[in-house]
Amino acid sequence: MENVKDTQWPIWEVFIQSQPGTPYKHAGSVHGSDKEIAMQNARDTYFRRNEGTSIWLVPTDCIIASNPDDAEMFFDPSNDKAYRHPTFYTMPEGALNI
Amino acid sequence: MEHIDHLKVFETKIEQDINIEAKDWMPDDYRKHLIRQISQHAHSEVIGMQPEGNWITRAPSLRAKKILLAKIQDEGGHGLYLYSAAETLGIGRDELIQQLHDGKAKYSNIFNYPSLTWADIGAIGWLVDGAAIVNQVSLQRTSYGPYSRAMVRICKEESFHQRQGYEIMAKMMAGTAAQREMAQDAMNRWWWPALMMFGPHDTDSPHTGNAVKWKIKRQSNDTLRQKFIDKTVQQAEVIGLTIPDPDLKWNEEKKSYDHGEINWNEFREVINGNGPCNRQRMSNHIKAHEEGEWVRKAASAYSNKQKLRVSQ
Ligand SMILES: [Fe+2]
Ligand SMILES: [Fe+2]
């Protein structure tokens, strides 16, 4: 143990599901030497008042994020395809439930 | 590859109230300002656990003890949310703690005052958390995304803090003459330091320029202080406490209270390390940190051993 460096432990990103059936949402991060301790810390840090029923933990360095500098170019292809939206289509007069 | 004018993109986002996120380009000074402000905020939450921790074993009932424990645990959580936000700017928590221990990073002056009686626990919740709430509500709209989201989370938890403090004060004011005296004494000692929490007057606040331009700070020190005074005076009156400021009076024209001169000498003295508890707060923090070292190391050693096992 003498040769182990004193650190604040690796960082984990915390995602919480507030109710069964809803999507997981990023809450913040915690430190933990391993996944068990990170899970305990996530519970103590982000779940003091029924904030949810389930936690996902991801080591921070495993998150792959898109590059904000490329955002415009990268997300551009979806901008000009109005036909992907239902409002693009003209429905015949009088047609119901469509 | 076309050239991106990063500064312009940044400034446009600020102008349009679009949050800056961790991976976005930002000016060096914006990053530095945020690290300083968020870490100071985080340290305040953690150091702020000490004056209240002082009363856990002496809380007057089991109900009071449970509430105080929950409140202090929240403050520890607030510290962690904020360290987590600061870390998105590329600085580690160990470095932030080192800066605190080296005296390079500050924490809120208010926590250098002692909590002498049980009424102080009431005054801290009501006035100190009350002042912090006014500031934090405003910061929910700060321009840096992770900081703003931490503020939203914190604000949700804060109103219980203020209400439990006010309840203590109200109960004492409805009690014996000695209890009323104790409550008023706590009020007298905490009122002015609470007003100082908002920082120097706008006319001589050194950091405001860029912070306002970059929308890190959304409202000025004096504006926030005024808000706090205006809502607290009525609460004091309802339970029969006197605000210890003979110059405090309602100003019909501006529809808010005028207040007396704040003792900025005292503020500077405390900030420069000469408050009643500065040394004690810091030595407690350093001691706890050092005593935790073997735990952090042991857990790291265990984790390393597990990894070795898996890879064999
Ligand atoms: Fe707090
Ligand atoms: Fe609080």
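A residue counts as buried when its relative accessible area is under 20%, as exposed when that area is over 50%, and as partly exposed in between. In this predicted model, Asp6(A) has 26% relative accessibility and is therefore partly exposed.

**A salt bridge between chains**
- Asp6(A) and Arg296(B) form a salt bridge in which the closest N and O atoms are 2.8 Å apart.
- This pair joins two chains, because Asp6(A) lies in the segment before strand S1 (11-17) of chain A, while Arg296(B) belongs to helix H13 (residues 293-311) of chain B.
- Arg296(B) counts as buried, at 11% relative accessibility.

**Other salt bridges**
- In chain A, the side chains of Arg43(A) and Asp44(A) meet in a salt bridge at 2.8 Å, N to O; Arg43(A) is partly exposed at 43% relative accessibility, and Asp44(A) is partly exposed at 33%.
- Asp222(B) forms a salt bridge with Arg225(B), with 2.7 Å between the closest N and O atoms, and the two are about one helical turn apart because they stand three residues apart in helix H10 (residues 221-239) of chain B.
- Within that pair, Asp222(B) is partly exposed with a relative accessible area of 24%, whereas Arg225(B) is buried with 1%.
- A network of salt bridges links Arg48(A), Arg49(A), Asp74(B) and Glu157(B).

**The surroundings of Cys277(B)**
- Setting aside neighbours within four places in sequence, Cys277(B) is in contact with Asn112(B), Tyr113(B) and Pro114(B).

Terms used
Residues are numbered from 1 along each chain as its sequence is written. Chains are lettered from A and ligands numbered from 1 in the order in which they are written. This is a predicted model: local features need pLDDT of at least 70, side-chain atom pairs count only at pLDDT 80 or more; totals for chains, interfaces and linings use all residues. Side-chain values use heavy atoms; hydrogens and water are left out. Contact means heavy atoms within 4.5 Å. A salt bridge is a side-chain nitrogen of Lys or Arg within 4 Å of a carboxyl oxygen of Asp or Glu. Helices (H or I, at least four residues) and strands (E, at least two) are DSSP runs, numbered from the N terminus. Buried means under 20% relative accessible area, exposed over 50%, partly exposed in between (1.4 Å probe, protein chains only).
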